[in-house]
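Open the coordinates in a viewer with selection by chain and residue number.

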Protein chains: 2
Amino acid sequence: MLPDQPYSGLLTDLYELTMAAGYVQNGFDARATFEVFVRSLPRRRNYLVAAGLEQALDFLGNVRFSSEDISYLRALPFFRHVHSKFFDYLSQFQFKGDVWALPEGTIFFPGEPLLRVTAPIAEAQLVETTLLSILHFQTLIASKAARITAAAAGRTVVEFGSRRAHGVEAGVLAARAAFIAGCEGTSNTYAGRRFGIPVYGTQAHSWIMAHEDETEAFRDFLNVFPEQSTLLVDTYDVHAAIEKMIALGRKPGGVRLDSGDVLADSQWVRARLDRDGWNDVQIFASGELDEDRIEDLLRSGARLDAFGVGTALSTSADSPNLGVIYKLVEVEVGDTVRSAAKFSQEKITYPGRKQVFRFTGDEGKFSSDIVGLHGESFPGAEPLLVPVMREGRRLAASGKDLAATMQEARSRCLACRSRMPGRILALQPAEPPFPVRHSAQLERLHDQVRQTVAKTARIG
Amino acid sequence: MLPDQPYSGLLTDLYELTMAAGYVQNGFDARATFEVFVRSLPRRRNYLVAAGLEQALDFLGNVRFSSEDISYLRALPFFRHVHSKFFDYLSQFQFKGDVWALPEGTIFFPGEPLLRVTAPIAEAQLVETTLLSILHFQTLIASKAARITAAAAGRTVVEFGSRRAHGVEAGVLAARAAFIAGCEGTSNTYAGRRFGIPVYGTQAHSWIMAHEDETEAFRDFLNVFPEQSTLLVDTYDVHAAIEKMIALGRKPGGVRLDSGDVLADSQWVRARLDRDGWNDVQIFASGELDEDRIEDLLRSGARLDAFGVGTALSTSADSPNLGVIYKLVEVEVGDTVRSAAKFSQEKITYPGRKQVFRFTGDEGKFSSDIVGLHGESFPGAEPLLVPVMREGRRLAASGKDLAATMQEARSRCLACRSRMPGRILALQPAEPPFPVRHSAQLERLHDQVRQTVAKTARIG
């Protein structure tokens, strides 16, 4: 399994290391600020949910270069002219920067910083790839899970996607991100143990198929798990399976439909169970579900109490990535603070250390955001980025145990959702989208930097 | 970083554990065979590339349940009636099954087993989720990388996708899978160290932006990395950057275009460099590339020597998952061998232990496959599944070092590609697709099982 050194500083793109070598060897030790943000919303999406900060801070707090890591770099032909100074730097390396971030579970929008790092430039640069990788994935999954749980309209949604998540780590962290954004639990047992997420699961088709007949398969399972078992009833024929279960006379906690005409089957099963007074037996649907399918089933009158959502959730199948980037926004050389931005063609970024201000309108609902400069303030608006690490040390508020941090993130996400306008939470593109503006100060700084950069590009 | 116990038996869906508990407690210790296969090809795809076996066998060889894992399960309310016998079983658990598989790098098709496990049923069931997760991800990425490298038509492709891969582990393993399927290297430094994959990368836009001007940024970099550096020339204005580089008078190994009109810029840059006799300076393209964009650029006459492909590759963006499944195909109870299959609605599977036979036609090109039963043979056809683990022990052939195993897989993939008909390797859907048939024996077994199952479903 990999990585077998989960805090290795080599878990990054090579160019972070070449740039760091350049900064160290050239004695360029300016303090730099980088911000993580998402360029634009995926098609049909109205918002994003911040997640992954816990693992990002864990990485920052523990990243090191082992002597094997350093020997490997030294031996690369491309590094042959790099001075020992840099390798010494790596052997002592610890991340000592300051970090501000959106707390996990916060709903946010493109162009709003999700996290901000301020550190000596080599240090801030070295952690780019890993930070992006960690924040991107959980934010991706939490953003998808929020849609899926919204579509389920209060019914239970369980994350079932480990087998097709992008590897073992992705399965565990998808479970975490999905729980933060409103899922009730996961099938991933390790995620259950590690984070205290409720775990779900009873049998697969193989259990039924391994037995001579279905009745025997049901009975043998209920003998071991007599309480709250969910029986899988679609291996051969749903109606026949339900009749066998009723004939067996042992009421399960629920039944699961994993294929076929789930709408019609759910209605038939509900009626059949109710006829025998088994009104409290839940009907659980799974099998190639996503938010659209769930919304469609419920609108069509499906009688379903819970959903197991796998692949579509754990791979965010309709949008398996976000345009997340890590951009230099400020460099302090001595007493001079220089703001940086990128203006090349379509890829424009805004300079300066930023803060996000969220305004509340009628009935306590969020009404708009302003992306301004750090240090600005707007009456009645809540600043969303909070300090989470100072000089490489995690601040008290972010140092709780893993289960507590995650539960808090989940509560924050649910509270944040309850205050978002209904059109933003809908599956279809919101018209108008949630209003996000830049502050006048940020726009002025942007214009100044643009003029300087235009001069630099021509003359430099 | 997670999982912090990479071989924990809990890295699986809870239902694998409930079923295993059921088998152990009921004394049902039949020997079972499960097969991993992919249901169907993603849209526009013609073939798949097997990858991930090395990590799958590593997991099988090392999976264990710690006392903490077992305490966690014991404490779950749902497990309250499970006997100690099962927890004792877990504390002793080691995978002791037999495994056959397609060697990594093999091109294969839907319905062809990628891997087959034969073991006592509880044991074979417990490893399902983790096996699927490991094999699915690398097969997904290798299958995508094969298309991207085919589109590059012999030019260098480097995997650049760590930052948007689904987590840190996914970044490392995407690099491995991409290399197997023909990429020349990766930006992921850890993957370079761990597997011996060539690593690539020089500077990001932040390097240029952190300097007062571009010339200074280029010079400062070349001072540290004087040989074979690739300079990023699109931060402000490509033409101006190239002129500054030439004026500086220090020839780099290459230049990189990451945005803008790559087609026009590449042509202008090539002509400008050649005018000064810098014909051997390579032009490297990156930035939102995929196989279609690469094919389109080259067809349009772009002057590009190499490609860095990120997000589209590391997330297999057009198809971020495959319908990979693990199906029970045979159960041996005492002296009776019972073949199993699933016939519910659209999700039909074939029974019996299978083998894939590949036929060669004209000019040494592969002409068709037959999926038959293990033990069948077809003159002139090569059986593709080979034994890789016996009674839980890896067979010699699969026990090489990580770099050697991966290089061998890459050679196999390239050799396999060179023997595939051209229409199969094209980006567009092949007409006709690669022919895959079932053997007559397999069809007969399928019919027999279907009749038995139909009876079971009605009567059982």
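Two strands pair if DSSP finds at least two bridges between them. Strands (E, at least two residues) and helices (H or I, at least four residues) are DSSP runs, numbered from the N terminus. This is a predicted model, in which local features need pLDDT of at least 70 and side-chain atom pairs count only at pLDDT 80 or more, while totals for chains, interfaces and linings use all residues. Residues are numbered from 1 along each chain as its sequence is written, and chains are lettered from A, ligands numbered from 1, in the order in which they are written.

Select chain B. Its open sheet of 6 strands runs E7-E6-E11-E10-E9-E8, with parallel pairing. Strands E7 (185-186) and E8 (230-232) of chain B are the edges, each pairing on one side only.

Next, select residues 282-285 and 306-309 of chain B: strands E10 and E11 pair there in the parallel sense over 2 bridges. Ala285(B) has Phe307(B) as its bridge partner in E11(B).

Now select residues 168-180 in both chains. The axes (lines fitted to C-alpha atoms over the stretch in contact) of H7(A) and H7(B) come within 7 Å and cross at roughly 155°. Angles run from 0 to 180 degrees between N-to-C directions, and those over 145 count as roughly antiparallel, so H7(A) is roughly antiparallel to H7(B). Val168, Glu169 and Ala170 of each chain make the contact (C-beta atoms, placed from the backbone, within 7 Å).

Finally, superpose the chains by least squares on C-alpha atoms of residues with pLDDT of at least 70 in both. Chain A can be laid on chain B with an RMSD of 0.0 Å by a turn of 180° and a shift of 0.0 Å along the axis, which is the relation of a two-fold axis.

Conventions. Parallel < 35°, antiparallel > 145°, perpendicular 65-115°, else oblique. Contact = placed C-beta atoms within 7 Å.
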